[in-house]
Amino acid sequence: MSFPRAFCCVGAVLALVVVGAATVIIWPSPVFAYSAGTGKIVVASDEPIPAAGGERFLRQCEALLERSPLKAQSPHYHVYVTNTAWRHNFFFLPAPNASGLAYAVRHGGNAFLAGADFDRGRLVKWGYVTTPPRTLAYFCAHEVTHIVDAEHVGVLAAHRQPTWVHEGIADYVGIEQRQSFEELRRALGDRPVDVPMMQQFGSYPRYRLLVTYFLETKRWPIDRLLATRLSYDEAMALMAQDDGR
Ligand SMILES: [Zn+2]
């Protein structure tokens with residue numbers, strides 16, 4: 001079967017655009033003028049990074065990763081901040097409203113944050129400043145954890161994890177003031193998770209509750225958690241059975 005020449009040209013151009021876009025996502029450094037950090041986290045931004053705020057951000061993000069049950073084994077992880085609209089639109093194309101995104105590829109990947117106020121330690125998205133406990137370091141540790149997870153179990157396996165595991169472990173690592181299982185259980189109860197609750201307990205309070213339960217109460221090794229195929233409902237049922245609800 002033969003295709004008209006114009007159709008082939010459009011196909012070739014489209015293929016080039018896709019390859020070009022993938023290349024920029026895998027090697028974004030040339031489109032970010034500023035960078036800081038030589039340790040575990042290297043941050044790059046399209047706007048100048050203030051020395052003190054940048055240094056504090058790197059230290060806090062590295063500290064969160066350091067106490068994670070999932071060890072970040074690569075020498076460096078790259079985090080890119082997209083303050084300007086075109087970069088944000090381009091790198092956040094799959095999820096324009098996300099605060100952060102991680103593109104995991106074989107043996108690594110890159111994390112992107114929507115925007116940053118380094119001096120205040122806050123993420124900025126569409127002009128909105130995110131409130132604690134979701135600090136700028138929280139989003140850094142959260143997105144980098146997605147990459148570490150994919151390094152650990154493989155990109156496809158990480159993609160297939162139940163959402164409560166995939167997002168729950170990232171939330172668990174990112175939250176600075178971790179509540180105990182009992183504290184979280186008491187606070188969440190059986191109420192639906194609403195916005196004030198997310199502001200108080202992070203983006204995914206109930207996913208984190210489950211992760212806290214399996215890691216801290218059931219003492220599951222991290223590998224068992226990352227490999228589980230328990231659905232959210234099954235995991236909630238196990239937890240409820242255990243505390244007699
Ligand atoms: Zn996430």
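Me: Which residue stands opposite N110 in β5?
Reply: Y103 does. Keep in mind that this is a predicted model.

Me: OK. How do β4 and β5 pair, and over how many bridges?
Reply: They pair in the antiparallel sense, over six bridges. β5 covers residues 108-113.

Me: What sheet do the five strands form, and in what order?
Reply: An open one, in the order β1-β2-β3-β5-β4. The pairing is mixed.

Me: Which strands stand at the edges?
Reply: β1 (34-36) and β4 (100-105). Each has a single partner strand, so one side of each is left without a neighbour in the sheet.

Me: By how much are neighbouring strands of this sheet turned against each other?
Reply: By 20° on average, direction ignored.

Me: Which helix packs on the sheet?
Reply: Helix α2, residues 51-66, packs there and touches β1 and β2 (41-45). The direction of α2 makes about 140° with that of β2.

Me: Switching to helices. At what angle do α7 and α9 pack?
Reply: At about 150°, with their axes 9 Å apart. α7 is residues 181-188, and α9 is residues 205-217.

Me: So are they roughly parallel or roughly antiparallel to each other?
Reply: Roughly antiparallel. The cut-off for that word is an angle over 145 degrees. α7 passes α9 in a left-handed crossing.

Me: Which residues in α7 meet α9?
Reply: F181, L184, R185 and L188. On the α9 side they meet residues including P205, L209, Y213 and E216. By class, this contact of α7 with α9 has six nonpolar, two polar and four charged residues.

Me: New topic: loops. Which peptide bond is cis?
Reply: The one from P132 to P133 is cis, with omega near 10°. P133 is found in the loop between β8 (128-129) and α4 (136-153).

Me: What about W126, what is its phi?
Reply: Positive, about 50°, although W126 is not a glycine. W126 lies in the loop between β7 (122-125) and β8.

Me: Is W126 buried or exposed?
Reply: Exposed, because W126 has 11 C-beta neighbours inside 10 Å. The cut-off for exposed is 12 or fewer.

Me: And R219, where is that?
Reply: In the loop between α9 and α10 (222-227). Phi of R219 is near 55°, a positive value in a residue other than glycine. R219 counts as exposed, with 8 C-beta neighbours inside 10 Å.

Methods
Residues are numbered from 1 along each chain as its sequence is written. This is a predicted model: local features need pLDDT of at least 70, side-chain atom pairs count only at pLDDT 80 or more; totals for chains, interfaces and linings use all residues. Axes are lines fitted to C-alpha atoms, for helices over the stretch in contact, and angles run from 0 to 180 degrees between N-to-C directions. Helices (H or I, at least four residues) and strands (E, at least two) are DSSP runs, numbered from the N terminus. Angles under 35 degrees count as roughly parallel, over 145 as roughly antiparallel, 65 to 115 as roughly perpendicular and the rest as oblique. A crossing is left-handed if the near helix is turned anticlockwise from the far one by less than a right angle, and right-handed if clockwise. Two residues are in contact if their C-beta atoms, placed from the backbone, lie within 7 Å. Ala, Val, Leu, Ile, Met, Phe, Trp, Tyr, Cys and Pro count as nonpolar, Asp, Glu, Lys and Arg as charged, and the others, Gly among them, as polar. Two strands pair if DSSP finds at least two bridges between them. A residue is buried if 20 or more other C-beta atoms lie within 10 Å of its own, exposed if 12 or fewer, and partly exposed in between; C-beta atoms are placed from the backbone.
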